[in-house]
Amino acid sequence: MQNKHESSTDRLQRMNAEAILGGGEKRISSQHAKGKLTARERISLLIDPGTFEELGRLVTHRSTNFGLDKQKFLGDGVVTGYGKVNGRLVYVFSQDFTVLGGSLAEAHAEKICKIMDLAMENGAPVVGLNDSGGARIQEGVVSLGGYADIFHRNVRASGVVPQLSLILGPCAGGAVYSPALTDFTFMVEGSSYMFVTGPSVVKTVTHEEVTSEELGGAKTHATKSGVTHFTAAHEAEAIDQAKKILGFLPQNCEEQPMMKKYEMGEMGEEGESRPKLDTLIPENAQQPYDIREAIAELTDKDTFLEVQKDYAENIVVGYARLAGRSIGIVANQPAFLAGVLDILASKKAARFVRTCDAFNVPLLVLEDVPGFLPGTDQEWNGIITNGAKLLYAFSEATVPRITVITRKAYGGAYDVMNSRNIGADMVYSWPTAEIAVMGAKGAAEIIFRKEISGASDPAAKLAEKELEYAELFAHPYNAAARGYVDEVITPSDTRIKLIRAFEMLKNKVSNTPRKKHGNLPL
């Protein structure tokens, strides 16, 4: 209420100061004591200095139930607006836990929806800094309606503009579904958690004793559920991760990712040779190696940003730059489960492929896959449907797609890993590649079963037939003869081949059949 001796300017300054203070100094101190930043401090780390424009600073809730008429805070527990991240427009909302626990209700939700609408209309990313106790129970169904309004916009914006969710405190109940609908989720170790039902409800219903951290902490979602794409030791690191991701993506689906300036150097294209790759593949085909070593050699120095690093480790996905160009990488990891495809790896890679395709990021696939993981656990839990998700994602993708077969390419997994027959634009193979229905030993045991069982020395006969099969198929030349492989290349030449190929494909146009949408095997 305005003091009669207060000027209009003084009143505005007082109200702005009140809004900036949020829940007050005591609650800000409590927030800091937990190792957490305030809503505005987080925005200052995300947005370029001097570029943030706040919207809705003086908004208040309109509820009078349960004493809320005496608990009105300017801004209603969320700071919203727009600014620039590394010089590019971004819309942001940052929930303020110092105001009614950051709880979401009608006015709070309306502020978030407004910036999401602006992001869609102007084609720029949305970054949500989540720190909320959940729905404001004093407002009842209005709070639930506010969540639904946000969810609806998440879905409408999906694939149109990048959406990032940083979980910087609690995120429980219905609140978890907005981050789940966005493109990337970030969590902080020890201070953020997500779950649909909390530990007390779990104990009541299932009698399980579990902490918030065990149930839905950063480590749990990074390793077990795959819900979070990145974890950080502190909030500043999580915000930095989000800024890096935005650097690989375009502003919206109508634009191309930003190309960074790249100089070939004094030696020109000769300087792009990577001799280390010539000795990367072990002579023993059963011996593992780390595919990240290949990624480091092929991409621009220190540009690889791995996504979901600790989840489904038999496949590696992430963003990097190749001669300044933003690319997405999907690579089998021989160092973990021999690089097989299983349920979790298929889902992880499929989601990443679709994200890249939605935002025009070209795809590089590094293939060394011995097949799909066998067993009742995989079959009973739907490896068929889940493996089909990755097959669908690659087949549907219209961005430039290049595959490099480094070693094994066996069975149906060869098809799924961006083969020529499902639309790869270019397929290269190293001389060490083995492209076949299955490994030589297994194939020999099936094809020559009678000869082996009838031999005087079955073991020697198996070894002989295994060698015979290997000579026929344990190389890339049959596939090259049929055009399934465009070129068999020396590993050290791979980087320059990829630079030239992606440059050649940069204006690719793919006309897809007219339809409402496909039916992804969910």
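**Pockets and their linings**

Student: Which element gives the largest share of the lining of the largest pocket?

Tutor: That share, 8 residues, comes from α12. Helices (H or I, at least four residues) and strands (E, at least two) are DSSP runs, numbered from the N terminus. The model is predicted: local features need pLDDT of at least 70 and side-chain atom pairs 80 or more, while totals for chains, interfaces and linings use all residues. Residues are numbered from 1 along each chain as its sequence is written, and side-chain values use heavy atoms, without hydrogens or water.

Student: How is a pocket to be read, and what volume has the largest pocket?

Tutor: On a 1 Å grid over the protein atoms alone, a pocket is an open set of points where a 1.4 Å probe fits, with protein on both sides within 12 Å along at least five of seven lines; lining residues have an atom within 4 Å of a point. The largest pocket here holds about 1,500 Å³. Its lining has 40 residues, and Ser-158, Arg-351, Arg-354, Thr-355 and Leu-520 are the closest to its centre. Two or more lining residues come from each of α5 (141-157), α6 (177-181), α12 (343-358) and α14 (383-396).

Student: What volume has the second largest pocket?

Tutor: The second largest pocket has about 380 Å³. Among its 21 lining residues, Lys-243, Lys-244, Gly-247, Phe-248 and Lys-260 are the closest to its centre. The elements giving two or more residues to this lining are β3 (88-95) and α10 (235-248), and α10 supplies the largest share, 8 residues.

Note on methods:
Points joined across faces, edges and corners; volume = space filled by probe spheres on them.
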